[in-house]
Amino acid sequence: MWEVMRSRNSSFKEEDLKKETSPSSASSAVDSRFNQTLRSVHGLLKGRSFPGKILITRRTDPQDDLILRSPDSNRSLSDNDTGSSERVDESSQDGLQNRSNASTTTSFSKMKLSTSNSENASREVQKPTVGARATDSARLMKFTKELSGTTVILDNLRELAWSGVPPYLRPSVWRLLLGYAPPNSDRREGVLRRKRLEYLDCVAQYYDVQDTERTDEEINMLRQIAVDCPRTVPDVSFFQQPEVQKSLERILYIWAIRHPASGYVQGINDLATPFLVVFLSEHLEGSVENWSMADLSPDQISNVEADCYWCLSKLLDGMQDHYTFAQPGIQRLVFKLKELVRRIDEPVSTHMENQGLEFLQFAFRWVNCLLIREIPFHLVTRLWDTYLAEGDALPEFLVYIFASFLLTWSNKLQKLEFQDMVMFLQHLPTNNWSHLELEMVLSQAYMWHTMFKRSPSHLVS
Amino acid sequence: MASTGLSSSNSSSSSYDLSFKILLIGDSGVGKSSLLVTFISNSVEDLSPTIGVDFKIKLLTVGGKKLKLTIWDTAGQERFRTLTSSYYRGAQGIVLVYDVTRRETFTDLSDIWAKEVELYSTNQDCVKMLVGNKVDKESERVVSKEEGMTLAEELGSLFLECSARTRENVEQCFEELALKIMEVPSLLEEGSAVGKRNILKQKQVHHTSGGGCCS
């Protein structure tokens, strides 16, 4: 999705950019324009439209964003990209028109013009496919090129992966993004072999032992994990296979033993599942529902488990305090979310407050399980492409994703009273979501993040 | 019926005589959420572990009164207790659940959960109901009915054995609790008070430190 916007940006003429932010006026102009943008976005949010809005922010700081975030912005409006952007464009046009009132500045008008131009350009190559952008050939080639070098440049890979990784490359890309597999291809096999053996050692040392060798605490932890594994992703039948549950149990137990500050916390079982399906996809074909663990050799299973274990560890290294006593990391992110929503969508924020709704009542689970529980399972890996591409910045960016996710239902929320609102938020209607809806959430999050990071005082923690 | 001309189009806030807040507590995996889902929706499904707190509403008629029960279903794992403890406030009824096939879930009720109730419940007269779940697994049972009754006596609570899977005694569990609540004058008053909406709108006491630009 955000490749769409970047491509659009790249269609601006150099002169336009200079006009917008000529050195002499830039510093003073940026602040006031930012505030203006903020006000306008408030209005825009009602319509919930996308790429057009993103241009607003990206344009305020072209030097920065364009250069920083788009090494590959010189073209890749693929067929699929165009297809999906086309649909979005229509709504964003509505949004723009609704909003072209008093607050519209000349820069917005210009922007709108530019947008239309690039739309016309993209219409010429329009194809009907939507939502399959991660597999389009231009992107595939970029991924292949990026992965084939002796040393993978992680920043480039993050850039690409942010917008979605082709499924068959996902295992390799995720291992790299998480810093599990080394960027240097000569070392890669050796490191993975060593790490996988290390995991096997852990299993032998901690898991394959009698209960008499465990402390009471460890017995309790294993018991809790054993209670939870059979009820992990209960709506996907693959996870009902006893062998899958055993693998999950080993991964979680080893992780818990090696992370005594938190130990096993419910929800971490959910977090292991995307890794499991992605690393299993290297060995099993077709849809997850039809997979059978019986088709795998013991070696394959233990390698998959090892990869899951290490990747889960890497992911959680960045958010350890989400799972320690009182879960301060989660409380902090929920607090930031509340603040951010207040900045972005005052009416919703006020309504929620008037109704006495606490963010912890719904967002706690969002953070604890990183939204896995809130969207259909088949979309989770796509969401995680973006998570893993964010790397160390993920916790900060999560707040924006959550805000964007929540405000998808901005209009609806304002009509609900406390009880209906809590129940609505605990069972959000995402059943029929496709990549498109998810990517809209991510694009919006990206836009807000770009906007607000320039004004950090809004979000002091 | 005809006289309830005020009934709102809003399903969950349609007319009722009394409204009570109920809390479900107990160890992880004893079947709190399953009990609730069975009670609310007549369906039996496999559920993920509850994270934090879940919330459901049930309208029912007990003793000739139309009741609205707002039920908070809490996560059982210890790590979530800081969060869940704030939900005890203002509850008129608390359901303490254990699994008759796992003894530790039973002993934890007196070792841990009863103490939590004492510590966090703001309602002196709050009615407790002890529930032994999973009686459909009779062959795996390790906690006898007599033990359950003894504990209930100690806790001064009601007692039932039930099965979320077969639905046995599930409705009774909530109905008996509601009946008992209505027998307690102070709770009855709370349930019918003008400010009944406020029962739900508890302000969380546990704001983390961290603060913010505006706090």
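The second largest pocket is lined by 31 residues, and Asn220(A), Gln224(A), Gln77(B), Glu78(B) and Arg79(B) lie nearest its centre. A pocket is an open set of points on a 1 Å grid over the protein atoms alone, where a 1.4 Å probe fits, with protein on both sides within 12 Å along at least five of seven lines; lining residues have an atom within 4 Å of a point. Two or more lining residues come from each of helices H12 (216-228) and H13 (242-258) of chain A and helices H2 (81-84) and H3 (103-120) of chain B. Helices are DSSP runs (H or I, at least four residues), as are strands (E, at least two), numbered from the N terminus. The model is predicted: local features need pLDDT of at least 70, side-chain atom pairs count only at pLDDT 80 or more, and totals for chains, interfaces and linings use all residues. Residues are numbered from 1 along each chain as its sequence is written, chains are lettered from A and ligands numbered from 1 in the order in which they are written, and side-chain values use heavy atoms, without hydrogens and water.

The volume of the second largest pocket is about 870 Å³. This volume is the space filled by probe spheres set on the grid points, which are joined across faces, edges and corners. H12(A) contributes most to the lining, with 7 residues. The lining holds 10 nonpolar, 10 polar and 11 charged residues. Here Ala, Val, Leu, Ile, Met, Phe, Trp, Tyr, Cys and Pro count as nonpolar, Asp, Glu, Lys and Arg as charged, and the others, Gly among them, as polar.

Chain A has 23 helices and 0 strands. Of its 461 residues, 60% are buried. Buried means under 20% relative accessible area, exposed over 50%, and partly exposed in between (1.4 Å probe, protein chains only). Among contacts in chain A with a separation of 6 or more, 78% join residues 24 or more positions apart; a contact means heavy atoms within 4.5 Å. The accessible surface of chain A is about 18200 Å², and 51% of it belongs to carbon and sulfur atoms.

Over all chains, the structure holds 25 salt bridges. Each is a side-chain nitrogen of Lys or Arg within 4 Å of a carboxyl oxygen of Asp or Glu. One of them pairs Arg223(A) with Glu104(B), with the closest N and O atoms 3.6 Å apart. This pair crosses between chains, from helix H12 of chain A to helix H3 of chain B. Arg223(A) is partly exposed at 34% relative accessible area, and Glu104(B) is partly exposed at 21%.

Within chain A, Glu305(A) and Arg250(A) form a salt bridge (2.8 Å, N to O). Glu305(A) sits in helix H15 (residues 298-317) and Arg250(A) in helix H13, 55 residues apart. Both Glu305(A) and Arg250(A) are buried. Asp321(A) and Arg332(A) form another salt bridge, with the closest N and O atoms 2.9 Å apart. Asp321(A) lies in the loop between H15 and helix H16 (328-344), Arg332(A) in H16. Asp321(A) is partly exposed at 26% relative accessible area, as is Arg332(A) at 37%. Shared partners join Arg223(A), Asp99(B), Arg102(B), Glu104(B) and Lys134(B) into one salt-bridge network.

Ala326(A), which is not a glycine, has a positive phi near 70 degrees. Ala326(A) lies in the loop between H15 and H16 of chain A. Leu371(A), also not a glycine, has a positive phi of about 75 degrees. Leu371(A) is placed in the loop between helix H18 (360-368) and helix H19 (377-390) of chain A. Leu371(A) is buried, with a relative accessible area of 3%.

Notes: Accessible areas come from the Shrake-Rupley method with a 1.4 Å probe; for residues, only the protein chains shown count as cover.
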